[in-house]
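Please look over the sequence and the structure shown here before reading on. The paragraphs that follow lead through them step by step.

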Amino acid sequence: MPSLGDQVRDWQRGVQAVERGDWGCALRLFSGFPEPPAKMCFNVGCVHLLAGDPEAALRAFDQAVTKDACLAVGFFQRGVARLQVGRSQEALADFQQALAQLRGNAAIDYTQLGLRFKLQAWEVLFNVAAAQCALGLWAEAARSLEDATNQAPDGAHGDLSVALAHVQNQAPLQPRPVPRGEVFRPPRRHLERLEHVDFLGKAKVVVASPALEARNQGVWPQRPQRPCADHPGGQVPVGLLAAGGPDPGPPEDPTGAGGVAAGDPEPWVTVTVQCAFTLTLQAPRGADLPHLRALLSQALPRQAQCGQLSYQEPGAGGRWVPLRAEGLRGARPEAASGPAGLRLQCRAAGGRPILYQVVARHSYSAQGPADLGLRPGDTVDVLCEVDQAWLEGHCDGRVGIFPKSFVVPAGPR
């Protein structure tokens, strides 16, 4: 079985063969996938249409919509192929199915899925009229064209007026297919992975912190002192532990008061945040959530801004409770009464911090093992912003990537 890299290379070579008009080469490359996804079946169908073989195209589009029942453009192209072989009633059903998949939207933009084409509702209605003409349903075809005119941009009104005149004279219409030569292209992120990657990178200088140096010597440093007049704005120094290291034991507290020294104008509590690594810092007992995030942002800028902070209720098996806007003032006092102070956690999936949440507006069918399939209404934990068009997220125990345009930000948690 070819490797994923070989399949991506063949996919890209197939796209290049389509661009130069070499249909045989394109079909050989697109057909070489052992278990072709819906996108690849769609590509095979488009090439067969270009090569003048609508029967073979029809079989490929059958496979595409079987693998992805939400592929509106697949039903659209299958309707075109069915009209070419004289199966007008089935073509009409395909165009109506494509229109249903639009779910009342004016268009579906397939650009971020690799197909440089936007399926417009008015074009689907135009093809509905073409199928109705082939069936002799002239009045219905005229109404479909009127509906298309109401939804089409001004630039398309001229073509629709000409088409309506043809229908009124009972002349057939030619359907509008996906533009010639347009097929699904491999994701850019897959192509980039085929390029040489220098895993070692460039040399860099790492400055050891006093805490890390002391840890390597088997001695934990003294905890940071409370802010004084020498620290502008009363900022608290942050002590960082090594990434991925074990949680430290509680630092010695000579006062025996859990970090509160006699005579302090403001009591302090030790806060341990579990995220991608462990972070221990000093914070006022009454610190609100923005104050905590400001301290965290010195080491975890993105997680500090977006990660959901939670504290664990006292007792064995205590549940994790999200911190609200009031921050530590909203936490139960006994949660920070132990010698280790208060332990916080960034909400995470599989040990990875969750940046924020989104909600799926449209269905997205996974096209490979790296993709995350979505249904409308699914809530997704975003783990990484891959690029401007793609996100990586977690939903129902599954982790994968999905198009950013298919989701909207979730409401406040």
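Does Asp94 count as buried or exposed? With a relative accessibility of 2%, Asp94 counts as buried.

Because Asp94 lies in helix 6 (residues 88–101) and Arg82 in helix 5 (residues 72–84), the pair ties together parts that are twelve residues apart in sequence. Arg82 also counts as buried, at 10% relative accessibility, and its side chain meets that of Glu90 in a further salt bridge, for which the N to O distance is 4.0 Å.

Another salt bridge joins the side chains of Arg176 and Glu123, at 3.2 Å from N to O. Here the linked parts of the chain are distant, for Arg176 sits in the loop between helix 9 (157–168) and helix 10 (188–194), while Glu123 belongs to helix 7, and the two are 53 residues apart. Arg176 counts as partly exposed at 26% relative accessibility, whereas Glu123 counts as buried at 11%. Returning to Arg82, one finds that it belongs to a network in which salt bridges that share partners join Asp62, Arg78, Arg82, Arg87, Glu90 and Asp94. Over the whole structure, a search finds twelve salt bridges.

From charged side chains we can turn to nonpolar ones. In soluble globular proteins, nonpolar side chains tend to be buried together. In this model the largest nonpolar core has 85 residues, and those with the most contacts inside it are Phe30, Phe42, Val73, Tyr110, Leu173, Phe184 and Phe402. Helix 7 (residues 121–134) supplies the largest share of this core, namely ten residues. The core also reaches across domain bounds, in that it draws at least three residues from each of domain 1 (4–188) and domain 3 (356–409).

Which residues is Phe184 in contact with, leaving aside its neighbours within four places in sequence? They are Trp11, Val15, Lys39, Phe42, Asn43, Leu71, Val73, Tyr110, Leu113, Gly114 and Leu115.

Strand 11 (residues 356–360) is largely enclosed by the rest of the structure, because four of its five residues are buried. Strand 11 pairs in the antiparallel sense with strand 12 (residues 379–385) over four bridges, and in that pairing Val359 has Thr379 as its bridge partner. Strand 11 also pairs with strand 15 (residues 407–409), again in the antiparallel sense but over three bridges, and there Val358 stands opposite Pro409.

Two places in the backbone deserve a separate look. Most residues other than glycine have a negative phi, and most peptide bonds are trans. Arg103, however, has a positive phi, near 50°, and is found in the loop between helix 6 and strand 1 (107–109). Gln170 likewise has a positive phi, of about 55°, although it is not a glycine. Gln170 lies in the loop between helix 9 and helix 10, and at 52% relative accessibility it counts as exposed.

Finally, the confidence of the prediction should be kept in mind. The mean pLDDT of the chain is 77, and 66% of its residues reach 70 or more. Over residues 205–264 the pLDDT is below 50, and this stretch has 64 contacts in the model beyond near neighbours in sequence.

Definitions and conventions: Residues numbered from 1 in each chain as written. Predicted model: local features only at pLDDT ≥ 70, side-chain atom pairs only at ≥ 80, totals over all residues. Heavy atoms only, no water. Core = buried A, V, L, I, M, F, W, Y, C linked by side-chain atoms within 4.5 Å. Buried < 20%, exposed > 50% of the residue type's maximum accessible area, 1.4 Å probe, protein only. Domains from an automatic or database assignment. Contact = heavy atoms within 4.5 Å. pLDDT = per-residue confidence, 0-100. Pairing = 2+ DSSP bridges.
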